[in-house]
Amino acid sequence: MIARGEPVVWLTAGALAIALFMIVGLIALVVMTGGSTFWPKRLHRIELLDGRVLLGELTDTEAYEFSRDRLDALPEEVRGAAVNALGDQSAVEAHRTQLRVDNKQLTGESYVWIDDFLRKPNGTSLPEWALTIERTSWGRFLGLPEAFVVNHRRLPSGTERQLDQLIAFLEEHASRADDTGQQAIAKGVEKLREERSAVREKGTAEFLQTIRADKASAERAAVLETGDEIPLAQVRASQPIVAVRAMSPGSQETWSRFEKVHPEVLDRVAAIHDLDRSGLGRLSEGQEEARMDVVRAALDSEHALAPLAQQLAELDAVVDDLESAAETRDQLAAAFTRRFGGDSDVVHAVREIVAELGADSAAQRAPLQSEIEALVAPLSEDEKAAVDRYRKVVAEARRQTVEISADIEALRAENEQYVLRAVTADGQSQDIPVAEIVRGFPANRLGFAERLKVYLSRWAEFLLAEPREANTEGGVFPAIWGTVAMTLIMTIAVVPFGVLAALFLREYAKAGVVVSAVRIAVNNLAGVPSIVWGVFGLGFFCYVVGAGIDEAFYPAYVSENKPVFGTGGLMWASLTLALLTLPVVIVATEEALSAVPNSMREGSYACGASKWQTIRRIVLPRALPGIMTGMILAMARGAGEVAPLMLVGAVKIAPELPIDGDAPFIHPSRSFMHLGFHIYDLGFQSPDSEAAKPMVFTTTLLLISLIAILNILAIRLRSRLRKRFGASQF
Amino acid sequence: MGFPMLNATRNVPADRMSSSDPTAPPNPIAPVSKPATRGEIPRAEPNRPPRGKSSRMEAIARGESVAADVHNALKHEDRVLDIENFRLWYGQKQALFDVSMGVPRGKVTAIIGPSGCGKSTLLRCVNRMNDLLDIVRIEGDMRLNGDSIYDRKVDVIELRKRMGMVFQKPNPFPMTIFDNVVYPLRIDGERNRNVLAEICERSLRGAALWDEVKDRLKESALGLSGGQQQRLCIARAIAAEPEVLLLDEPCSALDPIATGKVEDLIQELKGDYSVLIVTHNMQQASRISDYTAFMYLGRLMEYGPTADLFTNPHLPETNAYVTGRFG
Ligand SMILES: Nc1ncnc2c1ncn2[C@@H]1O[C@H](COP(=O)(O)OP(=O)(O)OP(=O)(O)O)[C@@H](O)[C@H]1O
Ligand SMILES: [Mg+2]
């Protein structure tokens, strides 16, 4: 080609090649690193010359210069090996390997570099049963299974629990009775104790029977009330057994037991999460709502209603407690009567005690009640209604909280029975509650299909679950959701706005100095640093428009210093990005409009069409694909933007999605998570950036894919439009 | 967009326009009354000794107005359109000089002349397409059925609806064939699908296109061939049943067969419509038109029945042009 005198061809081709190389290189890096993060790697056990033993995934190797002056930094035991490696040179090229060892709470670091010359010869192996365990807290655990522990709890029967209650009541209040009463009570306690021992013995015998019926090979020990453990064989039924601990030692056994139990435990974990979210979460939401009603009523009232309502609710709680205590006493009295007969001495004594306690509590209640009345008296009807509603909601929430907490507690207790005991490479034993294990697998035993399954399940978790552990583990679903929602709202805002502006510039405004100046100004807006838009969005949308909206519609929240729209949120972030991308849309639309041949406009005018009819029916449809191009560019630009979002609504962790199933479905004032911000947060804000690095790449991969998907959808829409107008010359 | 409209207040009684009126002035084509400041437009005098070619050309070159030679046959025609002392400037450059001519009703009138002589400009002035250009300035007036076109009170949109226009290059809209044809009705607010379908068929038949496209009305018009597109534009122009059809070299982009179809079409339309057609093709002009106007450098030179103009022109310039010796 040079012979033909075309060096420019080489120049242009070279420029394209460099550009392609960089783009392809970046994408390849992101795809490879991000895509391989979730692939389950083998666990290597490496023995070092200094006696340390490590277990972990090989993540990296590198060559570096090892010089003589670094000898002193090495521990005594390995210096010899280093000297050998050096020979008589002052520096040699050494290799080292990076190992992901995890177990951060034990060793304090999740990655270590090991010099190859420090490794024991033949000291590397792939332990068959090495486990990778992902936990809800403390990160991953790598180790070998030691035993699977099940704590079978003995649940006391209803009679036994009632007897406990009766005895406790008598013992607590015996001092209130007179001498004869006390004697009667002492006798009564004696009798109840005997009865309880009998019931307990029977229960224990039945419990042991069911345990012994389970013939599985396990070392079993009974746990006594005192916490002591004795071998199951030595247990007598009369001993007060709380639980039986079954230990299944051996890797195979441990693992198979774990696998059997794990799914049901996870189900319970999900149920607990559900109860917590939809049960307790909803209750506190309801309380907050009722409280805001009170605050609203307080706006035009001279009383400080909110603290008043709070105080009343607290008083209500005390009164409630007194009342339910009285109820319990009555039930106990009835139980005593049933057990000892109506005119036994014990029952007489109990009746006296109950009467006395009743009088006490009545005495306590009376001043409370009058205090409540005094507080409520000066309130107007409306105020009273709001305050009463709040009190009712709080009381109801108290009751339900007790119930839900009991449910949660029961589920927890059931889950706590199961513990996986594992041992690290250097011999530390660790008890891991099964409920805390998200995913576990014997990394070196997996075949390709099983590995793929782990890989996919990690991706599924990543895409669909919420983040945990300060975002470094778990999923990014809220961030995906927030990014998509924000991008769509931004698009809906920017496209009509930009198209209208471009229409005016191109079709209506008379060409001249002013229009040229405006056009240049718009083009220059595209060069304004995005953080400036963020500042503008914060200052204008949040502090001016948002504060105005709050002032007008949410005065109660303002008085509580809890701005609704007066702070960052989905709406303001979307609008800020809409402004940021506006020049893109305007420029693209103007181009598209000017590409509409004038002959078409003339044809339309000649048919007697007005200017607007011509624009609407001829110019816009013809320019639509070009406008779509602008929209695609704007979406790509907007979805990848991070800096302004930090100021106007993107947050590290958002408790709620900005678009969800609760009316009114779109919550424009909520703050939201964003993938771009998530990347920044992971890479630069997390405590362990080395551990977060793979997630940075994975999240980047996800963000790029998401933008690509949005673009592909828009491009397909555009090509459908093109086809509809049958014109190939766009 | 405002234009100086010198003749805006002028009003000619309709009866004086009628050629059947025996008291009509001897030259009905020329404006009947005009401001005193305007030079008298000389009447065509067939037996006047022809002025030397060089002197007329010199006068034109000096920028003077030259009286048009309008044949007597035209004064018996009922005129649908009157062009009166029309002048036009593109910025500083004058493109039309004192053009005055009447367009007979129900006939085909052709405008011929060398390239750049202002044929398109004149045609576009009839439906005020030149309003769209900021640099255009005009003087004089045109009348459609006696009503001023350039009057300040005229609704341009209504005016354009009374005229159909076909451009030199086919310009179908980016929509379906059906939507293209009924576009003038759609913008007029017609929604009844039956009415639209009926008019679509009638217009397409009128434009000799129906048989070719009747099965693909819902397809994009941009998929048609150039000749089909031009006939589609003609169908669109006649869809709203205009009074005047303005055709600007409608066949310049067509092959002989399509040209023949369009010419047949123009012959058929004659009578219902008054057609004003610009053409470079002498044979075409002689085949289809009843009257022909010859323009030269922004002036109307000679205007008469087509047969006369081609076989027995009054001016030597006309003779030279139609015989192909200049232009
Ligand atoms: N938009 C315009 N701006 C400036 N001058 C123009 C414009 N349109 C036409 N003219 C000029 O006006 C004169 C007449 O042009 P017009 O298009 O009417 O010629 P025409 O007779 O239709 O020629 P053709 O046969 O080549 O189509 C030409 O000199 C042309 O340069
Ligand atoms: Mg022309």
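The interface between chain B and chain A holds one salt bridge by the rule applied here. The model is predicted. In that salt bridge, R124(B) pairs with E602(A). Their closest N and O atoms are 3.0 Å apart.

Which elements of chain B give two or more residues to the side that touches chain A? They are α4 (156-161), β7 (163-166) and α6 (183-187) of chain B. Of these, α6(B) gives the most, with four residues. By residue class, the side of chain B that touches chain A divides into 14 nonpolar, three polar and six charged residues.

Now take the contact as a whole. Chain B brings 23 residues to it, and chain A brings 21 residues. Together the two chains bury about 1,900 Å². Carbon and sulfur atoms account for 65% of that area. Three residues stand out on the chain B side: P174(B), Y183(B) and I187(B). They supply 29% of the area that chain B buries against chain A.

Next comes the ligand. Ligand 1 is surrounded by 14 residues. The closest are S115(B), K119(B), S120(B), T121(B) and H280(B). Which of the polar atoms meet oxygen atoms of the ligand? S115(B) places a polar side-chain atom 2.5 Å from an oxygen atom of ligand 1. S120(B) also uses its side chain, with an N or O atom 2.6 Å from an oxygen atom of ligand 1. G118(B) uses its backbone instead: an N or O atom there lies 3.1 Å from an oxygen atom of ligand 1.

How confident is the predictor in chain B? The mean pLDDT of chain B is 81. Of its residues, 83% reach 70 or more. Strand β4 (residues 108-112) of chain B has the highest mean pLDDT, 94. Helix α1 (residues 14-17) of chain B has the lowest, 38. Over residues 1-50 of chain B, the pLDDT is below 50. That stretch still has 71 contacts in the model beyond near neighbours in sequence.

For the complex, the predictor gives an ipTM of 0.81. The pTM is 0.79.

Key
Residues are numbered from 1 along each chain as its sequence is written. Chains are lettered from A and ligands numbered from 1 in the order in which they are written. This is a predicted model: local features need pLDDT of at least 70, side-chain atom pairs count only at pLDDT 80 or more; totals for chains, interfaces and linings use all residues. Side-chain values use heavy atoms; hydrogens and water are left out. Contact means heavy atoms within 4.5 Å. Buried area is the accessible area (1.4 Å probe) that two parts lose on being put together, summed over both. A salt bridge is a side-chain nitrogen of Lys or Arg within 4 Å of a carboxyl oxygen of Asp or Glu. Ala, Val, Leu, Ile, Met, Phe, Trp, Tyr, Cys and Pro count as nonpolar, Asp, Glu, Lys and Arg as charged, and the others, Gly among them, as polar. pLDDT is the predictor's confidence in each residue, from 0 to 100. A residue is near a molecule or strand if one of its heavy atoms lies within 4 Å of it. A polar contact is a pair of N or O atoms within 3.5 Å; within protein, one must be able to donate a hydrogen and the other to accept it, and residues adjacent in sequence count only if both atoms are side-chain atoms.
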